[in-house]
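Hello,

Here is the structure I promised to pass on. Please look through it first, then read my notes below.

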Amino acid sequence: QHCCLSTSIVNNAFHCFRAGGIIPPVAQRLHREHIARVTQEALDMSGVAPSDLSAVATTVKPGLALSLGVGLDYSIKFIQQHKKPFIPIHHMEAHALTVRMIEPVQFPFLVLLVSGGHCLLAVSKGVDDFLLLGKSLDEAPGDILDKVARRLSLLSHPECSTLSGGQAIEHIAKQGDRLKFSLKLPMGQHSDCNFSFSGLRTQVIHIIHKKEGEEGNIASLYIYINCHVNNTPGLYQLLSNIFLNSMRYMCLALICCWTV
């Protein structure tokens with residue numbers, strides 16, 4: 001187990017929330033604009049020169065192909081320039097192992113990887129030894145939160161103008177009654193550790209359509225407008241419920257796998 005000498009991060013949250021989520025071509029452009037500076041900054045902070053490196057490791061898959069491609073192209077040019085060996089890394093394995101750079105976590109350990117594009121449950125037995133217990137069969141949790149946020153135009157909400165879709169839903173959910181709406185947890189008839197989030201999104205979109213129909217209002221801002229103008233907490237209740245059920249669903253999967 002080794003320490004992390006330096007880390008350099010570029011926050012693209014502003015561009016993502018303005019676009020209503022991660023848009024692959026936009027993410028690719030931002031990666032290209034920042035990768036050289038970020039790499040040099042990390043080297044400068046560590047005090048390590050390129051000539052002192054033992055190898056260069058880069059995540060290659062799975063994930064957003066356009067963004068990963070930027071990192072791969074840059075790495076290939078870097079190793080050719082500095083004559084260093086190249087180590088291709090599985091994207092999800094890299095996320096799973098990062099914790100060992102900052103915390104004394106011993107093998108084996110159970111890891112839940114959740115993002116806008118993935119949801120994986122695995123046992124990490126070693127640096128390159130993983131047992132996949134379950135994965136999302138359709139959409140990832142971050143993806144459905146972004147879609148619901150876009151459907152409700154949460155970017156126009158005064159409390160959410162600087163938040164991503166998932167952050168906006170989490171923020172508003174804290175103010176609502178999480179039991180107001182009844183949402184069915186997905187995959188209830190299955191005893192494995194796979195995930196499915198599209199059903200939750202479908203239920204929420206159906207509720208939005210129903211509420212809009214009842215009010216004769218087809219605008220996506222219906223729930224938001226009624227929440228602030230007529231003081232009816234529809235938005236808070238709905239988002240509180242979807243956030244609760246998303247978290248509850250993942251926790252149940254963890255409990256299932258832990259007891260199997």
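In which helix is the place of serine 46? Serine 46 sits in helix H2 (residues 24-46). Helices here are DSSP runs of H or I with at least four residues, strands are runs of E with at least two, and both are numbered from the N terminus.

Before going on, some ground rules. The model is predicted, so local features need pLDDT of at least 70 and side-chain atom pairs count only at pLDDT 80 or more, while totals for chains, interfaces and linings use all residues. Residues are numbered from 1 along each chain as its sequence is written, and side-chain values use heavy atoms, with hydrogens and water left out.

**Overview**

The chain has nine helices and five strands. It holds 260 residues, and buried residues make up 35% of them. Buried means under 20% relative accessible area, exposed means over 50%, and partly exposed lies in between (1.4 Å probe, protein chains only).

**Helix H2**

Back to serine 46. Its relative accessible area is 22%, so serine 46 is partly exposed. A polar atom of its side chain lies 2.8 Å from the backbone oxygen of leucine 43. Leaving aside neighbours within four places in sequence, serine 46 is in contact (heavy atoms within 4.5 Å) with Leu5 and Ser6. Serine 46 and cysteine 4 are 42 residues apart in sequence, yet 8.8 Å apart in space, C-alpha to C-alpha.

H2 also carries charged pairs. Glutamate 33 and arginine 29 meet in a salt bridge at 3.0 Å, N to O. A salt bridge is a side-chain nitrogen of Lys or Arg within 4 Å of a carboxyl oxygen of Asp or Glu. These two residues are four apart in H2, which means about one helical turn separates them. Glutamate 41 and arginine 37 form a salt bridge too, at 3.5 Å, N to O. They are also four residues apart in H2, about one helical turn.

**Other charges**

How many salt bridges does a search of the whole structure find? It finds five. One of them joins lysine 147 and glutamate 139 at 2.5 Å, N to O. Lysine 147 is partly exposed at 28%, whereas glutamate 139 is buried at 10%. A network of salt bridges links Glu139, Asp143, Lys147 and Arg201.

Aspartate 146 lies in helix H5 (residues 141-151). Aspartate 146 is buried yet has no salt bridge. The nearest side chain of opposite charge is arginine 150, 5.0 Å away. (Lys and Arg count as positive, Asp and Glu as negative; His and the chain ends are not counted.) A polar atom of the aspartate 146 side chain lies 3.5 Å from the backbone nitrogen of glycine 165.

**Strands**

Strand S3 (residues 109-114) pairs with S4 in the antiparallel sense over six bridges. Two strands pair if DSSP finds at least two bridges between them. Leucine 112 has leucine 121 in S4 as its bridge partner. S3 and S4 form a hairpin with four residues between them.

S4 and strand S5 (residues 129-135) are antiparallel as well, over six bridges. Here valine 123 has leucine 131 in S5 as its bridge partner. A hairpin of two residues joins S4 to S5.

Why is S4 (residues 119-126) largely enclosed by the rest of the structure? Six of its eight residues are buried, so S4 is largely enclosed.

Best wishes

Terms used: A polar contact is a pair of N or O atoms within 3.5 Å; within protein, one must be able to donate a hydrogen and the other to accept it, and residues adjacent in sequence count only if both atoms are side-chain atoms.
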